[in-house]
Amino acid sequence: MKEISKSKLSLYSMLGSRKHRLRNGLFIVEGEKSVTDTLGNFELEALIVRSGYEPKMIDLTSLPEERIFTASAVAMDKLSSLATSSSVVAVYKLPSQSTYFEGAIKVSYDKLYLMLDGIQDPGNLGTIIRTAHWFGIGKIFCSRDTVDIFNPKTIQSTMGSLAKVEVVYCNLADVIKANTGVPVYGLLLDGEDINKAALGNCGFIVMGNEGKGISEEIRGLVTHRLLIPPYNPENHSESLNVAIATGITLAAFRRL
């Protein structure tokens, strides 16, 4: 393994920025477990290993030698977005097929889909992707103002589920209108108790922005308004974290 060059180190260390990810067509994955889970799912640009470290989960001999580099602990710190840098980092090429779509997208009438309307926190998005994977949700539709899936904090929060769930950025209203007859479930304060509501095994499940909830346009397209009721109506927190609310909601649907 050869040591990473200063020019590559400089380039890769900028990939925490969405602007630089798009400009260079690259994104970064940190941690041996996350790298192991994503190898083979994205085109590898570089695998960087801290000097003196022997990966336990990755067979380096199975990878192109010219793609493998070593880096000092100081260099790994420059690459990392974590408080403690990882011993293994992968740099991948952004998928050639765009995750951004215009116009109508047709869906199957026998599946559940998540719709994320303006999620801003990368950790929330990553946790939602991980949770969707757990509950067998294969596709998530995100509004265009939802945080970037390739944000390093999002990737870290997916815990390896990044390559297991398809994430599409689009106009949510266009998708809903193109699939007339597909139920649209939305978490709203005036909704029906999710524990008592009639839930189906197909439809769009909409989760809204951390502070504002579901946008006015999408709220008007919701056909089934749902509520996660507090245990104590007289004494409860102001709201639930959107990732936690997503987990509770998907668990309710998967009880069917």
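These entries go from the whole chain to the pocket, then to a helix and some side chains.

**Ground rules.** I am working from a predicted model, where local features need pLDDT of at least 70, side-chain atom pairs count only at pLDDT 80 or more, and totals for chains, interfaces and linings use all residues. Residues are numbered from 1 along each chain as its sequence is written, and side-chain values use heavy atoms, with hydrogens and water left out.

**Overall.** I found nine helices and 11 strands; these are DSSP runs numbered from the N terminus, helices being H or I with at least four residues and strands E with at least two. The C-alpha trace spans about 60 × 45 × 30 Å along its principal axes. Of the 256 residues, 50% count as buried (under 20% relative accessible area; exposed is over 50%, partly exposed in between, with a 1.4 Å probe and protein chains only). I also checked contacts (heavy atoms within 4.5 Å): among those between residues at least 6 apart in sequence, 77% join residues at least 24 apart.

**Largest pocket.** I noted a volume of about 770 Å³. A pocket here is an open set of points on a 1 Å grid over the protein atoms alone, where a 1.4 Å probe fits, with protein on both sides within 12 Å along at least five of seven lines; lining residues have an atom within 4 Å of a point. Points are joined across faces, edges and corners, and the volume is the space filled by probe spheres set on them. The lining has 25 residues, with L187, L189, E238, S239 and L240 nearest the centre. Which element gives the most to this lining? Strand 9 does, with three residues. Strand 10 (203–208), strand 11 (224–227) and helix 9 (242–253) each supply at least two. By class I have 14 nonpolar, seven polar and four charged residues (Ala, Val, Leu, Ile, Met, Phe, Trp, Tyr, Cys and Pro are nonpolar; Asp, Glu, Lys and Arg are charged; the others, Gly among them, are polar).

**Helix 9.** Is this helix largely enclosed or open? Nine of its 12 residues are buried, so helix 9 is largely enclosed by the rest of the structure. Among the buried ones are V242, G247, L250 and F253. The buried residues pack against strand 6 (112–117), helix 5, strand 9, strand 10 and strand 11. At the N-terminal end I see a cap from N241, with a side-chain oxygen 2.8 Å from the backbone nitrogen of A243.

**T131.** This residue sits in helix 5 (residues 122–134) and is buried at 14% relative accessible area. Beyond its neighbours within four places in sequence, T131 is in contact with G247 and L250. Its side chain also reaches the backbone oxygen of T127 at 2.7 Å.

**R219.** I found R219 in helix 8 (residues 216–219), partly exposed at 30%. Its side chain reaches the backbone oxygen of I214 at 2.6 Å. Not counting residues up to four places away, R219 touches L188, K212, I214 and R225. R219 and L188 are 31 residues apart along the chain, with 8.5 Å between their C-alpha atoms.

**V49.** Last, V49 lies in strand 3 (residues 44–50) and is buried, at 0% relative accessibility. Its contacts outside four places in sequence include M1, P55, F69 and S87.

Terms used. Polar contact = N/O pair within 3.5 Å; in protein donor to acceptor, adjacent residues only side chain to side chain.
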